[in-house]
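Here is a short briefing to read alongside the sequence and the 3D view. Take a moment to look around the ligand before you go on.

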Amino acid sequence: MKNEIFQIDDYIFQKKISSKEISKIVSDLANHLRSDYADEEVVYLVVLKGAFIFASDLIRAAGLKCKIHLISASSYGSELKSSGKVELNIQNIDIENENIIIIEDIVDSGRTLKAIIDALQGLRPKSIVSVCLLSKPAERKVNVDVQYIGKEIPSEFVIGYGLDYKEQGRHLQHLYSIKNK
Ligand code: PRP
């Protein structure tokens, strides 16, 4: 069947969440944001690289008055497991008194999101929430609140729709999970 599997090196990835299902998840999240921030301006912080495709769909679907900042965080390196060490690159951004919405593709150990929230607290925003397309609750290593979660998934490595393995697979329209390890 077309687009059912994708191979990177020796790893076979199998289609797990179709683009149609992704669209429904994104649309539901956008509706929640729209009703929660109906008359307010928000500042989106898009966590590169993984969240760039999700964010572009979500931000347009929500249609909120907004500013957008791109920040980068990296924890996986080229591994299948999160490394535990988070590298953040948050340039000088003025978010004082703003409603911040962090957009992440996936929360795994939670370390990246926690590091970002900790770094932002000192910049005195009015509020901070996060919206994540995917969450792996069984992998959580630190306590972090995620206010908007698209879908919870088991502990398996996923690529597609912005998510990568060794920088490959981000372009895929569907989400794929690893089949052989
Ligand atoms: C991924 C993902 C999250 C983070 C989640 O980024 O985009 O930012 O890992 O893992 P954690 O909850 O265990 O911290 P990655 O390091 O793969 O960088 P990328 O987004 O540039 O691919």
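**The ligand site and a hairpin**

Strand S6 gives the most to the shell around the ligand, with four residues. Strands here are DSSP runs of E with at least two residues, helices are runs of H or I with at least four, and both are numbered from the N terminus. This is a predicted model, in which local features need pLDDT of at least 70, side-chain atom pairs count only at pLDDT 80 or more, and totals for chains, interfaces and linings use all residues. Residues are numbered from 1 along each chain as its sequence is written, and side-chain values use heavy atoms, leaving out hydrogens and water.

**Who surrounds the ligand**
- There are 19 residues around the ligand, and Ser75, Glu104, Asp105, Ser109 and Thr112 come nearest (a residue is near if one of its heavy atoms lies within 4 Å).
- At least two shell residues come from each of strand S4 (66-74), strand S6 (99-107) and helix H3 (111-121).
- The shell holds five nonpolar, seven polar and seven charged residues (Asp, Glu, Lys and Arg count as charged; Ala, Val, Leu, Ile, Met, Phe, Trp, Tyr, Cys and Pro as nonpolar; the others, Gly among them, as polar).

**Atoms that meet the ligand**
- The side chain of glutamate 104 places an N or O atom 2.6 Å from a ligand oxygen atom.
- For aspartate 108, a backbone N or O atom lies 2.8 Å from an oxygen atom of the ligand.
- The protein buries 94% of the 500 Å² that the ligand exposes when taken alone (Shrake-Rupley method, 1.4 Å probe).

**The hairpin**
- Strands S1 (residues 5-8) and S2 (residues 11-17) pair in the antiparallel sense over four bridges (pairing needs at least two DSSP bridges).
- S1 and S2 form a hairpin with two residues between them, and aspartate 9 in the turn has a positive phi of about 50 degrees.

Conventions. Polar contact = N/O pair within 3.5 Å; in protein donor to acceptor, adjacent residues only side chain to side chain.
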